[in-house]
Amino acid sequence: MPDINLTLNGQAVSGTVENRTLLVDFLREGLGKTGTHVGCDTGQCGACVVHVDGVSVKSCNVFAVELDGSKVTTIEGMANADGSLGVIQQAFQDHHGLQCGFCTPGMVMTAAALLKENSDPSEAEIREYLDGNICRCTGYHNIVKSIQAAAAEMNASPVAAE
Amino acid sequence: MPKDSGIGASSKRREDVRFLTGKGKYTADISVKDQTFAAFARSSVAHGRINSIDIAAAEAMPGVLAVLTGEDFAEVGGNPAGWLITSRDGEPMKEPKRSPLAIGKVRHVGDAYAAVIAETAAQARDAVEALDADIEELDAIVDMSEAIENSDNLVHDEIGTNLCYDWGWIEDNKAAVDAAFESAPHVTSLELVNNRLSPNAMEPRVSIGDYDASTGDYTLHTTSQNPHVTRLLIGAFVMGIPENKLTVIAPDVGGGFGSKIYHYGEEAVVLAASKKINRPVKWVCDRSEAFVTDAHGRDHVTKIELATDKEGNFLAVRTETQANMGAYLSNFATVTPTFLHGTLMAGPYKTPHVYVNVKAVFTNTVPVDAYRGAGRPEATYSLERVIDKCARELGIDQLEIRRKNFIQPDQFPYTTPVALVYDTGDYDATLDKVAEIGDLAGFAARREASEAKGKLRGLGISTWIEACGIAPSALVGQLGARVGLFDAATVRVNATGSLAVMTGAHSHGQGHETVFAQVVAEKLGIAEEQIEIVHGDTSKIPFGMGSYGSRSLAVCGSAIVRATEKIIAKATKIAAHMMEADAADVVFENGNFTVAGTDKSKSFGDVALCAYVPHNFPHEELEPGLEESAFYDPANFTYPAGAYACEVEVDPDTGEVDVVGFAAADDFGNVINPMVVNGQVHGGVGQGIGQALMECVVHDGNGQPLTGSYMDYAMPRANDVPSYVVDHSCQTPCTHNPLGVKGCGEAGAIGSPPAVVNAVIDALQSGGINVTHVDMPVSPSRVWNAIQAAK
Amino acid sequence: MYNFDFVKPSTVDEAVAALADEDAQALGGGQTLIPTLKQRLAMPSKLVSLKGIEGLDKIFVDRGGNLVIGAAATHAQVAATTDYPALASLAARIGDPAVRNRGTIGGSLANNDPSACYPAGALGSGATIVTNGRSIEADDFFEGLFETALEEGEIITEVRFPIPEKACYMKFIQPASRFPLTAVFVAKFADGVRVAVTGASNDGVFRWSDAEAALNTTFDAGSISELSVDADDMISDIHGSSEYRAHLVKVMTARAVKAAL
C-alpha cells in the first residue's frame, strides 16, 4: 500500500492508504479530520469540498494516492491563527448561514473558493457557484447572505482576506 | 429596539462555532475502540420469496466476523406502529410484524435480509456480494388502487389484504356532508397527487452498537431525533433490552425532517451483532442506501370536493385519499394521513361540514412516514388547490374567497367539524401582511414586465394552518397514540450559579442550545453564557419524546420553563432563609432575590452557592442543592397559521418554472429568536418549493426505484429558489403554554407547495392556456405536456 | 469499491504501455469514473492517471487558428480561455466549480456520456480528436452511448477546435443531475453551420443536419421554424418524454442561433 505525503492546513502529514482510498476517507479515518463530511456517493452534494493546491475539489471524488505532495486545506484550516472564526466562518454565524451544520464545511470551502475568484459576486453569481453544494436546512437564503457579507467584509478590510 | 439577549433577541447560535470549524461531532465522526463494520444485503427486487440464504462463502471472506439473517431475529419482537387507527367498520388496523432483517419475504427494493460484520467497511461489503441468496421474484404491488383490489397478491400474506385501514373522520359527519353536497349551488372537485418525497437530511443515517459483556450494558450511538423513543422501541418492543441496560446517544445530527424519528432495523442489528461478536459494530449508510431505506414522505392520491354557494361561501368539504404505507408500518406512518391530515381539513375556514376518508395501503415500496409537516402539507395542498380552482370557476379574487371564509378573531376558541379546537388566531392579519410584504399591489406591473420578456407570470396564494406542538397525551391517547406526548426537563444549578438544562428535545439544526438558553436566561435574569443545554443522551436527560411536529419549544421549552419556575421557587426559599425573611416576602427580579420593602438582596449566584454550602439549613424544611425537573403535558395542540404568496415566471416554450418571488407572513405566537425563526421558514419554504417543482420518488411497474441518487432525484439547489421575504410580526400568542409560542419548524413546508402550484396555474391562465391542474412536481416537461394538452 | 493498481506515468508512451494490461483503465479527472467505481459498477485492474503527464493540459492556438486543448486540461482551465468564447462558456457550465477543477476534456470525450456537454462542443465545432496514434474527426469519433472510435488502450492527447465565426451552446438542464436534458451547440463557420445535440438522442450526440442545411441558407432562428426532429429517436425518461426532448432540440437550437456570438 502506498505512502502519501500532504501538506494539510499548513502541516506536513503522511499516511499509508489503499489505492482505492478516497481523499475524504484518508482525511477522516486516516488523519482524524472529521470536519469534512460525506453526504452522497455521486459527487453532487458538496459536503466534502476541500481545497487542493488552492482550488476546490470534492474530496469524495478523488483518490488520496493521486494527490501525493499536494497542499490540502480543510474546514479545520479556515479559522484564524488565534482560533477565532475566519471572515467567512464569522459571516455564516452572523447571518445564520447554517442550521444542522452538516453541509457547512463544504459551503464554507466553496464560498472561500468563490471569493478568491470573484471578490464581489452578485447574488446570481453566488447561487450559480453553489450549484455543487446541497443544503437541506436553510433554503439557501442565509447562505447567500453570509457570502455577500463575507465579501463585503473582505472588500472593506483587504487584510482580512489574506 | 431589538434586545441583545433573552427572549426576543436574535442571539447568534453558540453551536455554530463547532460546526464552522469542523469540530461538530456527528455519529459518523465517532470511532469506538476496536470497532467493526456492518454492511447490509438488500433486496434488488421489490417483492420476493426468500427460499434460502447460504452464508458460508461470505463467512469465509477476509475479515468477516459474523453474518446475521432474519432468522437471528425470529424470536424477538417487531418494530411497532406507534398509533392504532380504527377503521370505519370498527376494526383495528392491520399490523404485520416488521423484523429488523426480512424473514420469509423481501418487500421492497432495499429491504435488508442479511448483515455482514467485518473488520473494515470494505470487507463487509465484499462479503455481502459473496452471500448466496435464493430470492424468487414475485409480482410487485406498486399501484395503490390495484393493491386494494387485488387480494391475490399481498405484501403481507398473513393479514389477507393490502388495506391497512379505511378511516373516516368524522364518520358521524358523513350524512350531513353528503346532504350539503346534494343541495350545494356549486361544487368544485379536483383529483391530485401529493408526490412521494425522500427526506434527504444531508447527514445519512449512522448507528454504532456497543455491547459491554462485563456489565450487560448496551450503548447505541445513532442519528436520531428522539433517543428516548428509540430506546423505548428497542427496549420494550424489538429486542427486549431493559431500559436501564440500554443507553441511546444521538450526538450532533445533520438534519432529520422526520426521517430520523423512527427506529430502523439497522439499529437493532448493530446492537445484536455487537453482543454476538463482543465488539462495537458501526454502520454508515451511504446516500444510495438512504434512498431505499430512509422512510419516505407524503405519497397521497386524493379526490377533494368543495361545495359552495354562488358567492363562494364554503358549505362543505369532502375528500377521499389513498395513503401509501409502503411495505411496512413505520412508527408514525398510520397517524400521518389520519390525525395529522384529516383533522386539518377545515383549514383556517369556517366550513360547517367536513368529511375525510383515508385508505392506507401496503405496497412493495419503501415505508412512508412523517416528513416535515407530515399530513398537514397534504391537507393544506388539497384544500388550497381546490379553493384556488373554485375561485377561478366562480370568478372570485383569490384573496377575497379566503377572507370571506376565514374564522374570525372573535370566534376563538373555535371547534372545527373535524374535532380540533383552535385556541387563537387572526387569519386576515397574516393575509394583509403578506399582501404588504409581497407587494401584491405591484404584481400587475411585474406581470407586464415578464410578458415583455416572453414569460408568463403568475401569483399564487395559500393560507395555511396546522396543529402542532405535538402533544397532549390525553388528546393523542384518545386518537390512538400508544405513547404519551409530553416532555421533560431538568434544570441543574451549579454551586457557582452556572447551570445545565437537560431537555427531552433534540436539536438537529434548530438551534436549541441557543434558543433554550435564551428562555432560561430571561427567566432567571442571568447571562445566556452561564447556561448549558444538554440533549441527545438518555443517560443524561430525564426523559423526552424528542423533536418533530414543531414541538421543541412549545412542549419541551415549556417543560424547561416549568422546571425553571421550580428552581425559582426553591431558590426563593433559600434566599428567604439567607435573608431571614418570610419566603412570601421575597421577590425575584432581574436575577436578584429581594425582601420586599427592604434593601436586603441576594443574587441568583449567591443563592446557588448557598444551596451547595448549606451550613445552617433547617434540613426538615429545606433540602440542600438546586436542581428541579418538570414534566409538561399541554392542554391542546398549538395552531400556527399564515399566508404565503408565490410569484413564478413560466417559459411557455419549455415549460420551465422559475420562482421569482416568495413572501411568507406567519403567526407563530411569541417568538424567542427571530433570526432562528426566519431560518426555519426559509428552510421549510425551500423544501416546499422542492416538492412543488422538483422532487419525486418514482418507481417503475416492478417497484424498481428510478430515483435512487441525486442524479435522478432533484434536490433544490441555491439557483432553484429565490430570496424569501418573511415576516412573523402578526402574533396571537398560544393561550395554553407558558411561553405563548406555537412552533415554526414545519410551517414553510406546509404552506408553500400550494402557493407555488397556484402560481403556475395563474401564469398559464394569464396566457390564455386553460390548464386547471398540474400534479407535483410541476417539472418543465409536465408543464409543457399540460400546455400541449390544452391546445 | 474494488481495489486496483494505480500508476501515474509521466509520459504518454508510459501511459499507453501501462494501459496495455488487461482491464487497465485511464483515469482523467475521475469525476464520472470514481462514482461509477463507488457503485461497484466497474472493476478495473489498474487505473492509469493521466494527470502526471507533462504538458498534457496545455491550451494554445495553433498556426492554423485552431484552439488546441490538451486532454488533461480541466473544464476550469478551458472556461478561463478567451479564444473560443462559446466553448469556454460550455466548459464553464459543466457540473459545478469543484467538478470543473478536476474533470478533463479528454475524460469527458472518451466517456461519451449521452448527456455530456463536451461531445456537443466537439461535434458542433468539427473538432479533431488526437490520440497517441492518430487523429480522428469528431464526425467519426462518437459512436453511440458511451461508445467512441477509441481502441483499447488508446488515449486522447489533445483536441483541436476550429474556431467558428460565431457559436453558442444552449443547455436545458435535467434538474437532478444538472447534465443537459437537451443541449445544442451551434457553430457558424465560413464554410457552413454545424448543429450538434446532446442529452436528447438514444444514440448519443448527433448532428441535426436539417437544421444545418436551413441555417446554411439563412443563419436565423426563423429558418428552422418549420423543421422538426423525429421523437422516435429521442430518449424518454422520468425527466421528459421523447416528444418533449424533440421539442427542446428545436427550442434550444433557435435560442442558440439567436444568441450566437
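C:L123 is located in helix 7 (residues 118–125) of chain C. In this predicted model, the relative accessibility of C:L123 is 5%, and the residue therefore counts as buried, the limit for that class being under 20%. Beyond the residues up to four places away in sequence, C:L123 touches C:A138, C:D139, C:F142, C:R194, C:A196, C:V205, C:F206 and C:R207. C:L47, by contrast, lies 76 residues from C:L123 along the chain, and the C-alpha atoms of the two residues are separated by 28 Å.

Chain C as a whole comprises 10 helices and 12 strands. Its radius of gyration is 18 Å, close to the 18 Å given by the globule rule for 261 residues, so chain C is as compact as a globular protein of that length. The C-alpha trace of chain C extends over about 55 × 45 × 30 Å along its principal axes. Buried residues make up 60% of the 261 residues of chain C. Of the contacts in chain C with a separation of 6 or more, 58% involve residues 24 or more positions apart.

Chain B contains 19 helices and 28 strands. For its 791 residues the globule rule gives 28 Å, and the radius of gyration of chain B is close to this at 27 Å, so chain B is as compact as a globular protein of that length. The principal-axis spans of the C-alpha trace of chain B are about 90 × 70 × 55 Å. In chain B, 66% of the 791 residues count as buried. Residues at least 24 apart account for 80% of the contacts in chain B between residues at least 6 apart in sequence. Chain B exposes about 25200 Å², with 49% of this area supplied by carbon and sulfur atoms.

Chains B and C meet through a pair of helices. The axes of helix 19 (residues 780–790) of chain B and helix 10 (residues 242–259) of chain C come within 10 Å and cross at roughly 90°. The two helices are therefore roughly perpendicular to each other. On the chain B side the contact is formed by B:P780, B:S781 and B:W784 in helix 19, and these meet C:E243, C:Y244 and C:H247 in helix 10 of chain C. Classified by residue type, this contact has 3 nonpolar, 2 polar and 1 charged residues. The loop between helix 18 (747–766) and helix 19 of chain B holds B:P777, which is joined to B:M776 by a cis peptide bond with omega of about -5°.

A further cis peptide bond joins B:W169 and B:I170, with omega of about -10°. B:I170 is placed in the loop between strand 7 (163–169) and helix 5 (174–182) of chain B. Positive phi values occur at non-glycine positions in chain B, including B:N200, at about 60°, and B:E580, at about 55°. B:N200 lies in the loop between strand 8 (186–194) and strand 9 (206–212), and B:E580 in the loop between helix 15 (552–578) and strand 22 (586–589). B:N200 counts as buried at 2% relative accessibility, whereas B:E580 counts as exposed at 73%.

B:K94 occupies the loop between strand 3 (64–69) and strand 4 (105–106) of chain B and, at 30% relative accessibility, counts as partly exposed. Apart from neighbours within four places in sequence, B:K94 is in contact with B:I159, B:T161, B:L163, B:C164, B:L329 and B:F362. B:H156 is 62 residues from B:K94 in sequence, with a C-alpha to C-alpha distance of 9.9 Å.

B:L20, in helix 1 (residues 16–20) of chain B, counts as buried at 0% relative accessibility. With neighbours within four places in sequence left aside, B:L20 is in contact with A:I75, A:L85, A:Q89, A:F92, A:Q93, A:L98, A:T104 and A:V108. Within chain A, helix 1 (residues 23–30) has A:L23, A:V24, A:F26, A:L27 and A:R28 as buried residues. The buried residues of this helix pack against strand 1 (3–8), strand 2 (11–16) and strand 3 (49–52) of chain A. A:G32, which follows helix 1 of chain A, has a positive phi near 70°.

Note on methods:
Residues numbered from 1 in each chain as written. Chains lettered and ligands numbered in written order. Predicted model: local features only at pLDDT ≥ 70, side-chain atom pairs only at ≥ 80, totals over all residues. Heavy atoms only, no water. Axes fitted to C-alpha atoms, helices over the stretch in contact; angles between N-to-C directions. Helix = DSSP H or I, 4+ residues; strand = E, 2+ residues; numbered from the N terminus. Parallel < 35°, antiparallel > 145°, perpendicular 65-115°, else oblique. Contact = heavy atoms within 4.5 Å. Nonpolar A, V, L, I, M, F, W, Y, C, P; charged D, E, K, R; others polar. Rg over C-alpha atoms; globule rule 2.2 N^0.38 Å. Buried < 20%, exposed > 50% of the residue type's maximum accessible area, 1.4 Å probe, protein only. Areas by Shrake-Rupley, 256 points an atom, 1.4 Å probe, with all protein chains shown as cover.
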